[in-house]
Amino acid sequence: MDLNLEKLSNLEDVSLDQDALIHGERAKNIFCASWPTAKKVLEALATIIKNPGLKIIIKAVIALGEGFASKYCG
């Protein structure tokens, strides 16, 4: 499996709905407020988990989150 994390973190080929709502609040705002903590949790999880496939998935989520945060969270 060839996973290009740089392409993922640049949000290439990623569709986003910036106006999506969760319980009446913009999902973007919830993400931006929560990302620093969520990233730490994901990094800790990637350190704890031994399964290489799961580590790749977690690293992909972190790359996507970092890309979104740098582009949309200011």
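# Notebook: a first look around the chain

**Entry 1: the layout.** I began with the secondary structure, and the chain comes to three helices and two strands. Reading along the sequence, I noted the pattern α-β-β-α-α. This is a predicted model, so I looked up the confidence before going further. The chain averages a pLDDT of 89, and 95% of the residues score at least 70. Among the elements, helix 1 (residues 5-9) has the lowest mean pLDDT, 71, while helix 2 has the highest, 96. I keep a reminder here: where pLDDT is low, the predicted coordinates should not be read in detail.

**Entry 2: overall extent.** Along its principal axes, the C-alpha trace spans about 40 × 25 × 20 Å. I also looked up burial for the chain, and buried residues make up 22% of its 74 residues. For contacts between residues at least 6 apart in sequence, I found that 61% join residues at least 24 apart.

**Entry 3: helix 2.** Next I turned to helix 2, which covers residues 27-48. Where does this helix bend? I found a bend of about 55° at tryptophan 35, and a proline, proline 36, follows within four residues. The buried residues I listed in helix 2 are Lys28, Trp35, Leu42 and Ala46. What covers them includes strand 2 (25-26) and helix 3.

**Entry 4: aromatic rings.** How many aromatic pairs does a search of the whole structure find? The search gives three. One of them is phenylalanine 31 with tryptophan 35, which is stacked, at 5.3 Å centre to centre and 20° between the planes. Both residues lie in helix 2, four residues apart, and that is about one turn of the helix. I then checked how open each one is. Phenylalanine 31 has a relative accessible area of 22%, so I wrote it down as partly exposed. Tryptophan 35 has 7%, so that residue goes down as buried.

Phenylalanine 31 also pairs with phenylalanine 68, and this pair is edge-to-face: 4.9 Å centre to centre, with 90° between the planes. Phenylalanine 31 lies in helix 2 and phenylalanine 68 in helix 3 (residues 52-72), so the pair ties together parts that are 37 residues apart in sequence. Is phenylalanine 68 buried or exposed? Its relative accessible area is 12%, so phenylalanine 68 is buried. Putting the rings together, I noted that Phe31, Trp35, Phe68 and Tyr72 form one aromatic cluster.

**Entry 5: the disulfide.** I searched for disulfides, and the structure holds one. Which cysteines does the disulfide join? The partners are cysteine 32 and cysteine 73, with an S to S distance of 2.0 Å. This pair links distant parts of the chain, since cysteine 32 sits in helix 2 and cysteine 73 in the segment after helix 3, 41 residues apart. The torsion about the S-S bond is about -80°, so I recorded the disulfide as left-handed. For accessibility, cysteine 32 comes out at 23% and is partly exposed. Cysteine 73 counts as partly exposed too, at 29%.

**Entry 6: the nonpolar core.** Which residues make up the largest nonpolar core? I counted along the list of seven: Trp35, Leu42, Ala46, Ile49, Ile58, Ile62 and Ala69. Helix 2 and helix 3 are the elements that give two or more residues to this core. A general point I keep beside this list is that, in soluble globular proteins, nonpolar side chains tend to be buried together.

Entry 7: The cut-off for buried is under 20% relative accessible area. Leucine 42 has 18% relative accessibility, so this residue counts as buried. What does leucine 42 touch, not counting residues up to four places away in sequence? I found Trp35, Ile58, Val61 and Ile62.

**Entry 8: what I take away.** Tryptophan 35 came up again and again in my notes. Helix 2 bends there, its ring stacks with phenylalanine 31, and Trp35 belongs to the largest nonpolar core. Helix 2 and helix 3 are tied by the pair of phenylalanine 31 and phenylalanine 68, and both helices give residues to the core.

Technical notes:
Residues numbered from 1 in each chain as written. Predicted model: local features only at pLDDT ≥ 70, side-chain atom pairs only at ≥ 80, totals over all residues. Heavy atoms only, no water. Phe/Tyr/Trp six-rings, centres within 6.5 Å; stacked < 30°, edge-to-face > 60°. Buried < 20%, exposed > 50% of the residue type's maximum accessible area, 1.4 Å probe, protein only. Disulfide = S-S within 2.5 Å. Core = buried A, V, L, I, M, F, W, Y, C linked by side-chain atoms within 4.5 Å. Contact = heavy atoms within 4.5 Å. Bend = angle between axes of the 7 residues up to and from the residue. pLDDT = per-residue confidence, 0-100.
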